[in-house]
Amino acid sequence: MRLDVFLRMASPLLIAQHLTQRFGKRLVLDDLSFELTPGEVVGVVGRRGAGKSVLLQTLAGAQPFSSGTLHWRGQPLKLRHRRQAMRAGIELVPQTPLLAEHLDVLTNIFLGREPGWVLPDWGRMVPRARELLALFDLPAALLRERVADLSDEQRQVVAIAQALCVPAPLVLLDDALATLSFQRQGKFLELIQTLAHTGTTFLIVSENLKHLFAITQRVWVLYEGRLVAVRRTAEVTPREIVELIVGATQQEKVTPIIWALESYHTAQRQAEDLRQTQTALRENLAAQGSLNQQLVQRLSEQVVALDQLNLALQAAQRRLLTEREQERKHLARELHDQVIQDLLSFIYRFEELALSETEASDDLAEIRHGLRRVVTDLRQLCSDLRPPTIDRHGLPAALRSHAHEWAETNGVDLTLEIDTHLGRLPEATELSIFRIVQEGLTNIRKHAAAQHVRLELQRTANANLLVRLSDDGRGLPAPLNLATLSANKHFGLVGISERIALLGGTLKIETTPEAGTVLQVEIPSPSPTL
Amino acid sequence: MLNNLQKILRENIREYGMYIALFLIMAYFALRTQNNAFISPRNISNLLNQTGYIAVLAVGMTLIIVIRQIDLSVGFLAGFLGAVAAIALKFWGLPVWLVIPMVLALGAVAGVITALPVAQLGIPSFVASLAGWLIYRGALVLVLAGSGTVIIEDPAFNAIGSGFIPDLQDLIPGLPDIGFLPGVHKLTLLLGLLAIGLYIWGEIDSRRKKQAYNFEILPMDMFVLKLAFTSALIMGVVWVLAQFNGLSWTVVIVLLVVAFYNFVTTQTVLGRHIYAVGGNPEAAELSGISVKRLTYIVFGSMGMLAALSGILYSARLKSAAPQAGTLFELDAIAAAYVGGVSAAGGVGKVIGSIIGALVMSSLTSGMNLQGIDISYQYIVKGAVLVVAVVFDVATRNRGK
């Protein structure tokens, strides 16, 4: 340490004797005597109204004191105006920053402290102001912002920068850390320690004992305007300080306050953590939002793909069905043209044989009859495979012929009602309807034990095709479940519903036990103009 | 480029609003008066000379309103000091070079006296200056009681209010007449060119400085546009004036006053402190600025400008009358408000108040030329004032 610095630091910077401040009749500062040495960091604590802020305002010259004396570096110091204090080098950061709202940050920082007499020296002001903002992690662009547009924390930084912009031997901080964020508080505490090492004295009012214990050498306790205790920070505990602040040593009075202070600081810390978490969350949320969007996008792409697949599948199934019909037609023709003709030629040859030879005629006749039965069965099979009438005469004729045949074979009374204006429909539709009716009638024969059956085929008002097959049989036992039916290899209804789905139609089954079943199918018209 | 222009206009509408208003008003009257009489060199010259004594008051009033005060006494103070000047010249036989500084000093003292109760006792300036209004009115009548209207015969003094600057040939007797632009006032043109040169140099200099500190600056195209536009405007006015008798002494004085006050308010520490006091007196006080001292300075300067206004007015009329100065203070206050000075304090420019004064006198001149009845003239001017203040409030939170 250089000798001059040492000497300067050894002698007191400020000596106050019997400093008293009255507001009217009220005694606000009561006979305060103290010393401040250069480079010292002193904390001031006390209850609200104990006179902490008034002490700082008085030392800053903002409130002329009522009586007592001040000595600054050994010389008597008069403090009638703030300016006199500033000239001596006493800077104050007030509890709430007071700034010129319409002026920019740069002007505010150097307000009343401008280097240069008539014209401000920008060359010195701008770099210094930049430096100060950088210490608090604020961008240099803020210099030209109007103070009115700043946040509370930024305003506090401006107020602190005011106090630090020109070197001052004594800086008074009136709770200047409270509005700062946790990080900036840490930075500012470090800065205070650095400046204290170079000889700046700090007098700090704070309610945060942690801050005070971290950086101060001494703590002053004010109680109702009196300086009741001066303690070396190293030799005192927060508990003792709180006892002094409260002015009591009773356990039951002090403990809640310590607890409250502790929880206050914890809460402050937590609030800061929460704020950071909130920021992180907000960022996360934004990221999540975009992720969600991507997912939705992909999902909708997949849905579109599925739809296309479904359509393709339906088309394939339709084609399959058509091909099956083609196959049946082909098979029927083969059977009819080949097998039946062959069988018939065998029969004729048997007949010829029967005429020529008599011994085995009985056996032959039997074989011949058997063959004829086979031919009849085969014919029936061909007709079932591919109803011949449907190709030639259309759906109504085919239905009529089939129904008639069915009624005769099963001895059931069947009423047929077919719309006379039905006209021809696409082959696939006609075949499907025929198969649906065929299957339905088969079901009735197998399960219903019906006396009367009624088959209706007509166009509805909105030009759809309506097929209605009703009987007066036993009805269906339980609610239908296609999956169960399919598992039990009852493909009748499953086949019907598949065909209807392929035509885009709807299937409705109404059933009452012992009172019959109604099977109603509605198929969108393939040619609605008809 | 057009986008840039739109953006800058939108952001600075508060600043450019009154220029646009002035331009529109002048354009309107130029088109609507017979033979475009409004923009004839004679009328423009007359208009500027007429605005002079209100303009200097408006400059002082701007600072008064900026520090959240008002001064009602300046009208009759101007009238009273004009009368004092006339009496000093005529009856006391004092030379003009003594009378003018003396009257200006008296004005400054009168301003400080008005400020005394305001600064020391915190009495509202409205009341303090209202007392001044009554006192100076009485004083004006009192000093002229014996003589009635005093006719001023000093040619040098009268030239201040109604004379024009000499041309080159009068200044340099040996200068040959080269026949260049006959009938046009060459010195006025030269001074105009000089003003443009100074203006451009100043703008470029300040731009360079801002650039050096990495401050925000106008884009280059906008900057050039601004320079070109302002230069054209200056040249246009100078050209019109040069076609008549050239610059009048009144205009020269007003320009000097405006230049000085503009410099003080925008460049100096003092100017910053004035705006700081207007913006937040407590904050200024806490920064070691003496609000009291600034109150004295601002009121003192107002008093001095009132004296100047009185000199300009009496020199223009070549006489001092008991009615001189009536309602000057209200015209000055109106000019300041129209020119964008905020009633809330802390905001307002000297140049703006000059524009405001020009707006008001353009309205008077234009409506006079159109032969509009005086009663309607007051109503129109009142409406303009209301619009200006509403505009101020509406744009307060947007502009800088």
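Select A:Gly61 to start: this residue, just after helix H2 of chain A, takes a positive phi of about 85°. Helices here are DSSP runs of H or I with at least four residues, strands are runs of E with at least two, and both are numbered from the N terminus. The model is predicted, so local features need pLDDT of at least 70 and side-chain atom pairs count only at pLDDT 80 or more, while totals for chains, interfaces and linings use all residues. Residues are numbered from 1 along each chain as its sequence is written, and chains are lettered from A and ligands numbered from 1 in the order in which they are written.

Step back to residues 52-59 of chain A. Seven of the eight residues of H2(A) are buried, so the helix is largely enclosed by the rest of the structure. Buried residues have 20 or more other C-beta atoms, placed from the backbone, within 10 Å of their own; exposed ones have 12 or fewer, and partly exposed ones fall in between. The buried ones in H2(A) are A:Lys52, A:Ser53, A:Leu55, A:Leu56, A:Gln57, A:Thr58 and A:Leu59.

Next, in chain A, select residues 395-410 (H13) and 427-448 (H14). Their axes come within 10 Å and cross at roughly 10°; axes are lines fitted to C-alpha atoms over the stretch in contact, with angles from 0 to 180 degrees between N-to-C directions. H13(A) and H14(A) are therefore roughly parallel, the word for angles under 35 degrees. Show A:Leu395, A:Ala398, A:Leu399, A:His402, A:Trp406 and A:Asn410 in H13(A), which meet residues of H14(A) including A:Ile433, A:Phe434, A:Val437 and A:Leu441. Contact requires C-beta atoms, placed from the backbone, within 7 Å.

Move to chain B and select B:Leu57 and B:Ala58. Of the 181 residues in the largest nonpolar core, these two touch the most other members. Helix H14 of chain B (residues 291-317) gives the most to this core, with 15 residues. A nonpolar core is a set of buried Ala, Val, Leu, Ile, Met, Phe, Trp, Tyr and Cys residues joined through C-beta atoms within 7 Å. Leaving aside neighbours within four places in sequence, B:Ala58 is in contact with residues including B:Ala332, B:Ala335, B:Ser353 and B:Gly356.

Finish where the chains meet: 25 residues of chain B are in contact with 26 residues of chain A. On the chain B side, H12 (269-279) and H13 (281-286) each supply at least two residues.

How values were computed:
Contact = placed C-beta atoms within 7 Å. Parallel < 35°, antiparallel > 145°, perpendicular 65-115°, else oblique.
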